[in-house]
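Trainee: I have a model open and would like to learn how to read it. Could we take it one feature at a time?

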Amino acid sequence: MKDVRYGSEIDKMPNVAFRLMTLVFRIRNFFKPMSRSIDKFGIKKGSVVIDYGCGPGMYIKRASELVGDEGLVYAVDIHELAIKSVKKLLAKYKLCNVKTVQTDGNKVEISDNTADLIFALDMFHMVKDYRSFLLELNRIGKRDCTLILEDGHQSRIKSKEKVDKSGCWEIEKEYKKYLICKPNFF
Ligand SMILES: C[S@@+](CC[C@H](N)C(=O)[O-])C[C@H]1O[C@@H](n2cnc3c(N)ncnc32)[C@H](O)[C@@H]1O
């Protein structure tokens, strides 16, 4: 299924693939809970955090706890089933500090300079127009925003090449599975 939006060609998962992925994540989570893996990102109480490409929302409850009542979490995804799934979690756990936002291609309705921290886990490899994607993340991040960009199903070399070519983020540190980036300003 292909959508042409915001000057780029975006692949959106077919619904059946999204549902299958959700099932796999739930089974994995049952044996090996993943949510606390975001604890190492240094999310501060009262901060504004964006889970970009949140999928079914495996990290949303934990992110909500970490930012606390004074903070805010944006759960962002291109897929309507992801938004639906996160909305269910918000109702189930009565999470009041989380907003869901469905993107239009790589365009997202979040104001400039909003986020203290953005994490994009297991999704960078899916983004075709990585330049407009990284530019949009730069726009919604604050000047000292931290971007945590997981390689997902692509090599580290590929991830770094994309970040470098975008020109709008600087790689600050590298970990085994993800890059820590800081914004470049023009
Ligand atoms: C493999 S899932 C990972 C979900 C979650 N980040 C996790 O690690 O559990 C990838 C998610 O990224 C979303 N996605 C892919 N391209 C996107 C884009 N350009 N903008 C927003 N979300 C996107 C997909 O719809 C899917 O829900």
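**Reading a helix and its neighbours**

Mentor: Start where α3 ends: lysine 94 follows the helix and has a positive phi, near 50 degrees. Helices (H or I, at least four residues) and strands (E, at least two) are DSSP runs, numbered from the N terminus. Bear in mind that this is a predicted model, where local features need pLDDT of at least 70, side-chain atom pairs count only at pLDDT 80 or more, and totals for chains, interfaces and linings use all residues. Residues are numbered from 1 along each chain as its sequence is written, and side-chain values use heavy atoms, with hydrogens and water left out.

Trainee: Which residues of α3 are buried?

Mentor: An α-helix has 3.6 residues a turn, so residues three or four places apart point the same way. Buried means under 20% relative accessible area (1.4 Å probe, protein chains only). In α3 that covers Leu81, Ala82, Ile83, Ser85, Val86 and Leu90. They pack against α1, α2 (60-67), β4 (72-77) and β5 (98-102), with contact meaning heavy atoms within 4.5 Å.

Trainee: At what angle do α1 and α3 cross?

Mentor: Axes are lines fitted to C-alpha atoms, for helices over the stretch in contact, and angles run from 0 to 180 degrees between N-to-C directions. Angles under 35 degrees count as roughly parallel, over 145 as roughly antiparallel, 65 to 115 as roughly perpendicular and the rest as oblique. Here α1 (residues 15-31) and α3 (residues 80-93) cross at roughly 40 degrees, their axes coming within 10 Å, and are therefore oblique to each other. Asn15, Phe18, Arg19 and Arg26 of α1 meet Glu80, Leu81, Ala82 and Ser85 of α3.

Methods
Buried < 20%, exposed > 50% of the residue type's maximum accessible area, 1.4 Å probe, protein only.
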